[in-house]
Amino acid sequence: MMNQAVKTQTTESFDAIKEAHNLSGDSGKIGEYYDKWSGAYDRDVSNEAYAGPEYIVNYFASLKSDKGTVDSGDRDLEILDAGCGTGLVGIFLKQKGYRNVDGFDLSDKMVEKAQATDAYRTLNGGIDMTQKNEVYKDNQYDAILCCGVFTLGHVPPDSLSELIRIAKPGGLIVVSTRKSYYDSTDFQAVCDRFVAEGKVKRVSNQMDGPYIAEEGAHYWAFAVC
Ligand SMILES: C[S@@+](CC[C@H](N)C(=O)[O-])C[C@H]1O[C@@H](n2cnc3c(N)ncnc32)[C@H](O)[C@@H]1O
């Protein structure tokens, strides 16, 4: 009986994550889905051994500072957590001592959860990173982290351009891409184009890092030109 109960809960968690992958990048549907899922999100991703937030924060903090690029060792950096969800990335940033962390998400209810973590200076719900928004100014942040958002059924690779707009020249953009997302989209071609256009420089990447039980993710760090 015991094993069966555990299995059922895990299956539910796996299914909730899979359902999120079927939202076809439709911002309206994504917002509604995450509003409803917000209460169970942390439990479900924990059941599926979600390691992305801790890994991306450690990866960001480990980046070597380079001439003309911000130093990720500076705990006073102005950091934006794009698609912050319930605040898992913010929690790890706070543990590392980063003091000036803001966040946004499409879902107001996810943002309410993030608020409760006490890891963020400011938070905004209803922000769609597939479009230019009026809330975040050009060249505003020293660093932008985006975990679990470049994933199936969520945002297209081109949404990187909105993060590039908001980051300062010399600022760092660090994102995860679930492996199956990377394999099924033009993410690599979009990055190559932004590099060729002189919008960003490649800093480093980690292929097949830990992400979630089902599969790993690639992690990417860019510096804005
Ligand atoms: C898998 S969750 C990841 C949340 C958090 N970053 C984490 O790692 O736990 C994906 C998040 O991206 C948000 N999201 C999806 N599409 C978005 C968009 N177009 N603009 C802003 N947020 C979006 C969802 O609302 C959701 O909170």
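**View 1. Helix α3 lies across β4, β5, β6 and β7.** The α3 axis runs at about 150° to β4. Axes are lines fitted to C-alpha atoms, for helices over the stretch in contact, and angles run from 0 to 180 degrees between N-to-C directions. Helices (H or I, at least four residues) and strands (E, at least two) are DSSP runs numbered from the N terminus. The model is predicted: local features need pLDDT of at least 70, side-chain atom pairs count only at pLDDT 80 or more, and totals for chains, interfaces and linings use all residues. Residue numbers start from 1 along each chain as its sequence is written.

In α3, the buried residues are G52, P53, Y55, I56, V57, Y59 and F60. Buried means 20 or more other C-beta atoms within 10 Å of the residue's own, exposed means 12 or fewer, and partly exposed lies in between, with C-beta atoms placed from the backbone. The buried residues of α3 pack against α4, β4, β5 (167-178), β6 (200-212) and β7 (215-224). Contact here requires C-beta atoms, placed from the backbone, within 7 Å.

**View 2. I56 sits in the largest nonpolar core.** This core has 64 residues. A nonpolar core is a set of buried Ala, Val, Leu, Ile, Met, Phe, Trp, Tyr and Cys residues joined through C-beta atoms within 7 Å. I56, I144, L145 and V174 touch the most other members. Strand β4 gives the largest share of this core, eight residues. Neighbours within four places in sequence aside, I56 contacts V89, L145, C147, V174, S176 and Y219.

**View 3. The shell around the ligand has 23 residues.** Y34, G83, G85, L106 and G148 come nearest. A residue counts as near if its C-beta atom, placed from the backbone, lies within 6 Å of the molecule. At least two shell residues come from each of α2 (27-47), α3 (52-62), α4 (88-95) and β4 (141-150). By class, the shell has 13 nonpolar, eight polar and two charged residues. Ala, Val, Leu, Ile, Met, Phe, Trp, Tyr, Cys and Pro count as nonpolar, Asp, Glu, Lys and Arg as charged, and the others, Gly among them, as polar.

**View 4. Seven strands form an open sheet with mixed pairing.** The order is β3-β2-β1-β4-β5-β7-β6. Edge strands β3 (122-124) and β6 each pair on one side only. On average, neighbouring strands of this sheet are turned by 15° against each other, direction ignored. Two strands pair if DSSP finds at least two bridges between them.

**View 5. β1 and β2 pair in the parallel sense.** Five bridges link β1 (residues 78-82) to β2 (residues 100-104). E78 has N100 as its bridge partner in β2. For I79, the partner in β2 is V101. Four of the five residues of β1 are buried, and the strand is mostly covered.

**View 6. β6 and β7 run antiparallel.** Eight bridges join the two strands. The hairpin between β6 and β7 passes through two residues. S204 stands opposite A221 in β7.

**View 7. Helices α2 and α5 cross at roughly 35°.** Their axes come within 7 Å, with α5 covering residues 108-117. Y34, D35 and S38 in α2 meet D108, K109, M110 and K113 in α5. This contact is made by two nonpolar, one polar and four charged residues.

**View 8. T130 lies in the loop between β3 and β4.** T130 is partly exposed because it has 16 other C-beta atoms within 10 Å. T130 and V155 are 25 residues apart in sequence, yet 6.5 Å apart in space, C-alpha to C-alpha. Beyond its neighbours within four places in sequence, T130 contacts S27, V155, P156 and S159.

**View 9. S24 and D118 have positive phi values.** Most residues other than glycine have a negative phi. The phi of S24 is near 55°, and that of D118 is about 65°. S24 is in the loop between α1 (2-20) and α2. D118 is in the loop between α5 and β3. S24 is exposed because it has 10 other C-beta atoms within 10 Å. D118 is exposed, also with 10 other C-beta atoms within 10 Å.

Terms used
Contact = placed C-beta atoms within 7 Å.
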